[in-house]
Amino acid sequence: IETALAQFDNCPERRDGIPMSSFKRRITALTNASLLLSYVLYDQDEPLGVSFVLKTDTQANLRYYSAVRDKNAGHLLHFLSIEDLFSQQGIEVVDLSGISPYSDDQKMRGIDEFKHQIGGACVEFRRTEHNSNTTP
C-alpha cells in the first residue's frame, strides 16, 4: 500500500486535492475495512501506475488512480483492473465515475472515448424535485 500511496505524493489533483496525510488515512481505513482494492502496474521494479477501487460484494468504483502518462500506463492499468474485477473478484458492475460529454477539454474527451470503448451502459443520474406535500 505504501508503494501505491507514493504515486500520489506529487499529484494533488489525482487525490481530489485532499492533503496527503488525510488521503493516506482515508486509503488505509478503507483498506483495513476491506472496502478498497489496490492495483499497481509495474515495468520491472518501477511502478507505472496505481488505482484504488472502492468495492462492495457486487459493485466497484474506480475511484483514484495515478499513472505515468508517457507510457499509456493509465489505459492498461484500467483495462487490467476491470478485467480482474469481472473475472476474479466477482464484481457485476464497474463504475468509471462519469463522463463529460459537453466538455471542450481534449483530455476529458479522450477519457470519455476510452470509457465508451470499454462497453457497458451509460447511466445518467438526474436531480429530481421532491414535493414535501406528497407521500413517498
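Which residue lies over the face of Tyr 64? In this predicted model, where local features need pLDDT of at least 70, side-chain atom pairs count only at pLDDT 80 or more, and totals for chains, interfaces and linings use all residues, the answer is Arg 63, at 4.6 Å from the ring centre. A charge is said to sit over a ring if NZ of Lys or CZ of Arg is within 6 Å of the ring centre and within 35 degrees of the ring normal. Residues are numbered from 1 along each chain as its sequence is written, and side-chain values use heavy atoms, with hydrogens and water left out.

Tyr 64 also belongs to one aromatic cluster, together with Phe 8, Phe 23 and Phe 52. A pair of aromatic rings is described by the distance of the centres and the angle of the planes. Rings of Phe, Tyr and Trp (its six-membered ring) pair if their centres lie within 6.5 Å, and planes under 30 degrees apart count as stacked, over 60 as edge-to-face and the rest as tilted. The structure holds four such pairs. In one of them, Phe 8 and Phe 23 are tilted, with 5.0 Å from centre to centre and 50° between the planes. This pair links distant parts of the chain, since Phe 8 is in the loop between helix 1 (2–6) and helix 2 (20–32), while Phe 23 is in helix 2, 15 residues apart. Helices (H or I, at least four residues) and strands (E, at least two) are DSSP runs, numbered from the N terminus. Phe 8 is also stacked with Phe 52, at 5.4 Å centre to centre and 20° between the planes, and here the partner is in strand 2 (residues 46–55), 44 residues apart from Phe 8. Both Phe 8 and Phe 52 are buried, where buried means under 20% relative accessible area, exposed over 50% and partly exposed in between (1.4 Å probe, protein chains only).

Helix 2 itself has 13 residues and reaches 18 Å from its first C-alpha to its last, close to the 18 Å expected at 1.5 Å a residue; the expected span is 1.5 Å times one less than the number of residues. Its buried residues include Met 20, Phe 23 and Ile 27, and because they cover an arc of only 60° around the axis, they are on the same side of helix 2. The arc is that of the directions from the helix axis to the C-beta atoms. On the other side of helix 2, Arg 25 and Asn 32 are exposed.

Helix 3 (residues 73–87) has 15 residues, and among its buried residues are Ala 73, Leu 77, His 78 and Leu 85. His 78 counts as buried because its relative accessibility is 13%. Leaving aside neighbours within four places in sequence, His 78 is in contact (heavy atoms within 4.5 Å) with Leu 62, Tyr 65 and Phe 114.

The largest nonpolar core has 15 residues, and those with the most contacts inside it are Tyr 39, Val 53, Leu 62, Leu 85 and Val 94. A nonpolar core is a set of buried Ala, Val, Leu, Ile, Met, Phe, Trp, Tyr and Cys residues joined through side-chain atoms within 4.5 Å. Helix 3 gives the most to this core, with four residues. Apart from it lies another core, of eleven residues, among them Leu 5, Ile 18, Phe 23 and Leu 36.
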